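User: I'm new to this one. Can you walk me through it?
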Amino acid sequence: MAIKAVLFDLDDTLLWDERSVKEAFRATCEYAQRATGLDPVDLEEAVRREARALYESYETFAFTKQIGINPFEGLWANFTGGVQEQFRKLQQLAPDYRRESWTRGLHSLNVDDAALGQQLAEMFPAERRSRPIVYEETFRVLDHLKGNFKLLLLTNGSPDLQQEKLDGVPLLSGYFDHIIISGTYGQGKPSLGIFQHALELLGIEPTEGVMVGDKLTTDILGSNGIGMKSVWLNRHGVVRNDEIVPSYEISHLEQLDEIIKG
């Protein structure tokens, strides 16, 4: 059956979130280096480690896994959106989480400076917000598809944070007929429910759509589960096992054209 709709993931598929986060860490940790002499790479590793451990210790962790919100998004998210009570808990936790992640990261490298930890916790969100980075081919691909296929954006995350990412690249939202954010829907990829919701919005059968994303465990697993073709965007040449097998694998978004035409 001919493809009528293309579903896209957002982070590290259309937006280069990984680079945005990496550059924000580098800028923040280089500031800390000037204050403490610490190696920025060592501090980034320490903060990532402490943030992950702290994030997983909260009662909200199961919810964030279900929605698809990672620990490093928590380092700059405000969690003001979403109707579920868990978002209000995250909103309350966020300031302490940011401060403790940075303060504990410093402490693990033998720097006991809570005031600097607070300063870095405030700096990192500002640095991340100043870096809305789009892959160079994103708009070329969307320009090519728009008008020929229905387009839907299917992204995991907190409603306010994902919307903020979209607002940072104002032209992006206009390409899509529908935008689904997991925190608004109440389930995240790879839940079959959120994929079924996408199909209903598009008015298509599973065989009439294709899902494009960079994560096997969310984008590919979910689309495979509902019987939709899946395209794994493997930009970094990751070697996969056979637990989750995409219909297609590409290393650059512009390779999508041949798959859809085929």
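User: Which residues line the largest cavity?
Analyst: This is a predicted model, to start with. The largest cavity is lined by Tyr55, Tyr58, Gly74, Phe79, Leu90, Leu93, Ala94 and Tyr97.

User: What volume does the largest cavity have?
Analyst: About 60 Å³. The count of cavities of 30 Å³ or more comes to one.

User: Which helix gives the most to that lining?
Analyst: Helix H4, residues 85-108, with four residues. By class, the cavity lining has seven nonpolar residues, one polar and no charged.

User: OK, pockets now. What's the volume of the largest pocket, and what lies nearest its centre?
Analyst: The volume is about 900 Å³. The pocket has 35 lining residues, and Asp11, Asp12, Asn70, Asp214 and Lys215 lie nearest the centre.

User: How does the lining of the largest pocket divide by class?
Analyst: There are 16 charged, ten nonpolar and nine polar residues. Elements supplying at least two lining residues each include helix H1 (17-36), helix H10 (216-226) and strand E5 (229-233).

User: Switching to lysine 165. Where is it, and what does it touch?
Analyst: Lysine 165 is in helix H7, residues 159-167. Leaving out residues up to four places away in sequence, lysine 165 touches Asp11, Leu15, Asp17, Glu73, Trp76 and Arg128.

User: Is lysine 165 buried or exposed?
Analyst: Buried, because its relative accessibility is 5%, and the cut-off for buried is under 20%.

User: How many salt bridges are there?
Analyst: The count is 22. In general, side chains of opposite charge can pair when their charged atoms come close.

User: What does aspartate 219 pair with?
Analyst: Aspartate 219 forms a salt bridge with lysine 189, with the closest N and O atoms 2.6 Å apart. This pair links distant parts of the chain: aspartate 219 is in helix H10, and lysine 189 is in the loop between helix H8 (182-185) and helix H9 (192-202), 30 residues apart. Aspartate 219 and lysine 189 are both buried.

Notes
Residues numbered from 1 in each chain as written. Predicted model: local features only at pLDDT ≥ 70, side-chain atom pairs only at ≥ 80, totals over all residues. Heavy atoms only, no water. 1 Å grid on protein atoms, 1.4 Å probe; cavity = no way out; pocket = protein on both sides within 12 Å on 5 of 7 lines; lining within 4 Å. Points joined across faces, edges and corners; volume = space filled by probe spheres on them. Nonpolar A, V, L, I, M, F, W, Y, C, P; charged D, E, K, R; others polar. Buried < 20%, exposed > 50% of the residue type's maximum accessible area, 1.4 Å probe, protein only. Contact = heavy atoms within 4.5 Å. Salt bridge = Lys/Arg side-chain N within 4 Å of Asp/Glu carboxyl O.
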